[in-house]
Amino acid sequence: MYIIPAIDIKDGSCVRLKKGDYATVHKVAENPYETAAAFKAAGAEYLHMVDLDGAKDGRMKNAELICDVAKSCGMKVDVGGGIRNLKAIEYYLENGVNQVVLGSVAVKNPEIVKDAVKAFGDKIIVGIDAVNGNVKSEGWIDGSDINYIELAKRMEAVGVKKFVFTDIDRDGMLTGPNIEQLDALSRAVSADIVASGGVSDINDIKNLMELEIFGAICGKSVYAGTLDLAEAVRLTKAIDYEKYFIKSELIPAVIQEKSTGKVLMVAWMNRESMQITLETGYTWFWSRSRRELWNKGATSGHLQRVIDIYSDCDNDTLLITVEQTGAACHTGRHSCFFRRLK
């Protein structure tokens with residue numbers, strides 16, 4: 001699970017709200033650039049930014065500042081707030097932002113989400129903000145009778161692959177995330193889930209890790225000092241390698257090309273090769289015939305850059321999505337699976 005610190009911008013300053021109430025706004029940091037640099041130094045790989053003025057007014061208000069931070073911070077930045085059309089999405093994605101979060105349009109104009117997914121793929125995240133399970137929009141001012149899980153299913157049906165879910169009643173309150181609703185959402189859809197709202201301390205992080213979701217956005221807890229960001233990052237990066245090798249000293253790894261979904265090959269990993277793969281970001285395996293570690297593409301140059309690693313429900317098989325350079329098969333074929341059985 002990734003720890004994702006947050007920077008909310010209002011009138012050019014870093015602020016926080018309680019339960020999304022603009023009347024509770026208070027400054028939490030002087031400089032968004034220095035704040036982002038501190039998050040990076042603590043080990044964060046992702047940064048969540050919100051244009052609060054934009055969320056309320058329905059148009060981009062702090063876009064230039066947000067993009068400047070995104071370009072300079074060295075983290076993958078997603079941004080939400082006031083993004084209502086494809087032009088706004090394109091602006092952010094062309095100016096340093098990694099992903100955009102669509103909230104209000106998912107409720108009021110879902111066709112825009114559909115068009116955005118067609119145009120920008122997994123660069124699109126849908127933010128689902130709810131009170132008592134019902135979705136709110138327009139900076140959490142407008143209510144609706146749409147259930148949060150129903151909205152997620154609609155959005156997943158048009159191709160959305162990641163959701164940020166916020167229980168508004170817990171946002172900025174340090175009362176703990178809504179584990180029950182997050183668990184229900186995670187079970188209802190196959191998309192990645194990012195928890196937002198309520199995280200207070202390291203115990204909340206441990207509870208969220210049990211859900212095996214993609215990430216947790218941490219705002220108030222980091223600024224208030226109730227959560228040590230570096231400690232949280234270290235905790236989520238720690239891998240319990242032993243649980244993958246209970247049945248055997250080797251585990252099969254299915255290698256899948258991220259861009260096409262094509263299965264490229266299957267190889268074997270031991271603890272050491274799995275660890276090196278995670279540390280370097282490139283695939284390493286164990287050769288059963290040579291009894292040694294090997295790095296895919298080390299001699300051919302056909303390297304596999306790791307995008308994601310998943311384990312199956314029994315923790316005895318890995319699925320590794322990669323960016324493949326050249327052919328994956330030693331025969332020169334792109335995939336090792338080219339012989340059709342008729």
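**Entry 1: Phe214**

I started at Phe214, which is buried, with a relative accessible area of 14%. A reminder to myself: this is a predicted model.

I then looked at the ring's partners. Tyr46 and Phe214 form an edge-to-face aromatic pair, with 5.7 Å from centre to centre and 85° between the planes. Tyr46 belongs to strand β4 (residues 46-51), while Phe214 is in the loop between α9 and β11, so this pair ties together parts 168 residues apart in sequence. I checked the cover on Tyr46 too: its relative accessibility is 11%, so I noted it as buried, the cut-off being under 20%.

How many aromatic pairs does a search of the whole structure find? I got 7. One of them joins Tyr2 and Phe214, and I logged it as tilted, with the centres 5.0 Å apart and 40° between the planes. Here Tyr2 comes from strand β1 (residues 2-10) and Phe214 from the loop between α9 (202-210) and β11 (215-218), so parts 212 residues apart in sequence are tied together by the pair.

Is Tyr2 buried or partly exposed? With 27% relative accessibility, Tyr2 counts as partly exposed.

Putting these notes together, I have Tyr2, Tyr46 and Phe214 in one aromatic cluster.

**Entry 2: charges over rings**

The charged end of Lys162 sits over the Phe214 ring, 4.0 Å from its centre. I also wrote down Arg333, whose charged end sits over the ring of Phe338, 4.3 Å from the centre of that ring.

**Entry 3: a nonpolar patch**

Which residues make a nonpolar surface patch of about 260 Å²? My list reads Val263, Val266 and Phe337. I placed Phe337 in the segment after β17 (318-324). Its relative accessibility is 51%, so Phe337 counts as exposed, the cut-off being over 50%.

**Entry 4: cysteines**

Last, I went through the sulfurs. A search of the whole structure finds 0 disulfides. Cys67 is in no disulfide, and the nearest cysteine sulfur, belonging to Cys73, is 11 Å away. For a disulfide I would need two cysteine sulfur atoms within 2.5 Å. I also looked up how covered two of the cysteines are. Cys67 has 3% relative accessibility and counts as buried, whereas Cys313 is exposed, with a relative accessible area of 76%.

Technical notes: Residues numbered from 1 in each chain as written. Predicted model: local features only at pLDDT ≥ 70, side-chain atom pairs only at ≥ 80, totals over all residues. Heavy atoms only, no water. Phe/Tyr/Trp six-rings, centres within 6.5 Å; stacked < 30°, edge-to-face > 60°. Helix = DSSP H or I, 4+ residues; strand = E, 2+ residues; numbered from the N terminus. Buried < 20%, exposed > 50% of the residue type's maximum accessible area, 1.4 Å probe, protein only. Lys NZ or Arg CZ within 6 Å of the ring centre and 35° of its normal. Patch = residues over 30% accessible without salt bridge, like charges linked within 9 Å, V, L, I, M, F, W, Y side chains within 5 Å. Areas by Shrake-Rupley, 256 points an atom, 1.4 Å probe, with all protein chains shown as cover. Salt bridge = Lys/Arg side-chain N within 4 Å of Asp/Glu carboxyl O.
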